[in-house]
Amino acid sequence: MSNNLDITAIRNDFPILDEIVNGKQLVYFDNAATTQKPKIVLDAISGYYEHYNANIHRGIHQLAEKATAAFEDSRKRLQQFLNAPSFEEIIFTYGTTDGINLVAQTYGRKFLKEGDEVIISAMEHHSNIVPWQMLCEEKGCILKVIPINDDGELLMDEYEALLTERTKFVSVVHVSNSLGTINPVKEIIRKAHEVGAKVLLDGAQASSHLSIDVQDLDCDFYSLSLHKIYGPTGMGILFGKKELLNAMPPYRGGGEMIKEVTFEKTTYNELPYKFEAGTPNIADVIAAKYALDYVDTLGKPNIAAYENSLLEYATQAVKEIEGLKIIGKAKEKVSVLSFVIDGIHHQDIGVLLDQQGIAVRTGHHCTQPLMRRFNITGTSRASFAVYNTTAEIDRLIQGLHKVKKMLG
Amino acid sequence: MTINETQDELISDFELFDDWESKYEYIIDLGKQFPPLQEQFKTEENIIKGCQSKVWLNAYMDGDLLKFEADSDAIIVRGLVSMLVKVLSGHTPEEIASADLYFMEKIGLHQHLAQTRSNGLLSMLKQMKAYGFAYQGRTVNSEN
């Protein structure tokens with residue numbers, strides 16, 4: 001398999017890959033849930049706690065200054081990662097879900113009213129369904145859903161038919177976590193803007209595989225999690241266009257997000273701090289920069305090309321498993337292979353692969369409506385990252401043969 | 001046989017297996033042999049929802065004994081369910097409510113009880129004990 005990356009060297013950067021699980025060397029194929037972390041990220045986290053742990057933005061002592069500088073450096077690094085025009089448009093969150101809730105609860109509550117329509121798609125994660133349902137219930141808005149075809153691609157004609165002057169918001173997933181489908185988001189955004197609707201992209205899956213340019217996309221909001229890009233858990237970012245963020249009310253109240261507090265009235269801090277109440281997740285924010293640097297050192301196009309070759313290899317290889325059906329056959333997809341096997345429950349597949357040291361995700365992947373669309377209760381999902389190998393895919397295939405033998 | 005005698009019997013059954021394959025093949029066999037729950041009892045009321053697999057549990061008094069029937073849509077869970085039913089079904093509600101279940105841990109299957117969201121087994125066990133508490137002091141002569 002040709003690629004520009006030294007996969008053996010890359011694997012050495014991830015200490016966890018040496019773990020022995022149920023007596024076998026770990027094969028980690030649950031990267032769409034969370035990726036593993038390179039040593040450089042782990043060192044950044046412990047380095048912060050060992051050498052400059054301090055609360056940021058207010059302390060005048062040296063540790064606080066160093067921590068603040070590293071924290072804000074990370075923000076600038078994330079700004080660059082998304083090609084956002086300003087660092088003020090990068091809001092630190094707990095993750096993708098938190099960012100979506102922030103937009104629904106602030107922009108949504110302020111600007112949407114009864115009878116307005118919100119469009120999502122049939123392949124959304126629950127985290128891009130429920131916040132909008134909650135909003136619609138509260139405000140009397142109507143939730144509309146873009147349907148998909150049997151390959152797991154959005155029906156763009158149907159999307160256009162849904163767009164009217166009542167459409168005020170479109171919130172869709174950039175890349176599907178269950179299917180791997182890469183959605184034509186640029187077109188989705190352009191069409192939404194034609195009717196004056198704002199657009200949020202759920203970038204949880206996309207950000208580890210694709211280069212994201214929020215200016216080129218012209219999206220209004222972009223929410224993502226760092227733990228899916230080789231970074232730490234518990235942190236993400238929300239990009240929002242400055243004029244929108246400025247027009248939105250604060251989300252949570254507390255320290256950091258205020259300018260001045262009296263018992264009569266509080267004035268709020270400027271962007272981005274207006275949306276960052278309380279002590280943030282300092283260590284993980286700082287470590288996120290190192291994850292992005294790591295990705296950049298390898299080169300996102302190199303990573304994408306290699307992951308695509310793994311997907312191609314796996315897609316061919318699973319054909320030898322009788323009764324296996326791939327769910328999600330979009331022409332444009334990332335390295336996610338979701339499948340069902342005739343007559344075998346996905347949980348049984350997961351349990352027996354785990355016994356062989358192979359970690360896949362089984363279940364509905366928090367996309368129950370999507371599973372209903374395919375008339376299944378769940379799938380088994382192998383998702384590949386840059387440290388995976390074709391030899392590991394071979395082990396998955398052997399593992400599946402064993403599953404079939406045991407359950408046959 | 002008492003609850004603990006059945007547990008000990010299961011533990012010694014599993015001592016025969018020295019690798020994971022034979023252990024899981026045995027559980028799969030138990031799942032296959034376990035009589036399916038009649039469709040009429042696969043109700044919303046009897047369902048114990050796990051994140052991934054469904055478990056149904058039906059309980060009834062037979063004389064002064066509390067009996068269970070159960071099912072699952074995943075075969076390994078079905079095998080594990082059959083063991084829980086084997087251990088607890090047909091004892092008095094008092095015995096069931098106060099039972100100390102140690103066999104899963106001894107067999108090395110405790111991870112299946114920890115994953116409440118993935119298979120509903122722990123919820124099922126809690127539900128069985130809850131029936132034990134609820135039926136204490138009751139005697140019913142006809143089934144269901």
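Modeller: One term before we start: two strands pair if DSSP finds at least two bridges between them. Also, this is a predicted model.

Colleague: Okay, pairing. Which strands form the open sheet in chain A, and in what order?
Modeller: There are 4 strands, in the order β13-β14-β17-β16 of chain A. Their pairing is antiparallel.

Colleague: Which are the edge strands?
Modeller: β13 (324-327) and β16 (361-363) of chain A. Each of them pairs on one side only. From one strand to the next, the twist averages 30°.

Colleague: How many bridges join β14 to β17 in chain A?
Modeller: 4 bridges. β14 covers residues 336-341 and β17 covers residues 379-383. Take A:Val336: its bridge partner in β17(A) is A:Ser383.

Colleague: Switching to helices. Which residues of α5 in chain A are buried?
Modeller: In α5 (residues 130-139), A:Pro131, A:Trp132, A:Leu135 and A:Cys136 are buried.

Colleague: Where do they sit around the helix axis?
Modeller: Within an arc of 130°, seen down the axis of α5(A), so the buried residues line one face of the helix.

Colleague: And what do they pack against?
Modeller: Four elements of chain A: α4 (96-111), β5 (117-121), β6 (142-146) and β7 (167-173).

Colleague: What comes just after α5(A)?
Modeller: A:Gly140, with a positive phi of about 75°.

Colleague: New topic. How many residues of chain A are in contact with chain B?
Modeller: 13 residues of chain A, in contact with 14 residues of chain B. On the chain A side, α13 (346-355), β16 and α15 (390-407) each supply at least two residues.

Colleague: Which gives the most?
Modeller: α13(A), with 6 residues.

Colleague: What about residue classes on that side of chain A?
Modeller: The side touching chain B has 4 nonpolar, 8 polar and 1 charged residues.

Colleague: Now chain B. How many helices and strands?
Modeller: 8 helices and 3 strands. From the N terminus on, the elements run α-α-β-β-β-α-α-α-α-α-α.

Colleague: What is its radius of gyration?
Modeller: Chain B has 15 Å. A compact globule of 144 residues would have a radius of gyration near 15 Å, so the value for chain B agrees. Along the principal axes, its C-alpha atoms fill a box of roughly 45 × 30 × 25 Å.

Colleague: What share of chain B counts as buried?
Modeller: 35% of its 144 residues.

Colleague: And how much of its contacts comes from residues 24 or more positions apart?
Modeller: 67% of the contacts in chain B with a separation of 6 or more.

Methods
Residues numbered from 1 in each chain as written. Chains lettered and ligands numbered in written order. Predicted model: local features only at pLDDT ≥ 70, side-chain atom pairs only at ≥ 80, totals over all residues. Buried ≥ 20, exposed ≤ 12 C-beta atoms within 10 Å, placed from the backbone. Arc of directions from axis to C-beta. Contact = placed C-beta atoms within 7 Å. Axes fitted to C-alpha atoms, helices over the stretch in contact; angles between N-to-C directions. Nonpolar A, V, L, I, M, F, W, Y, C, P; charged D, E, K, R; others polar. Rg over C-alpha atoms; globule rule 2.2 N^0.38 Å.
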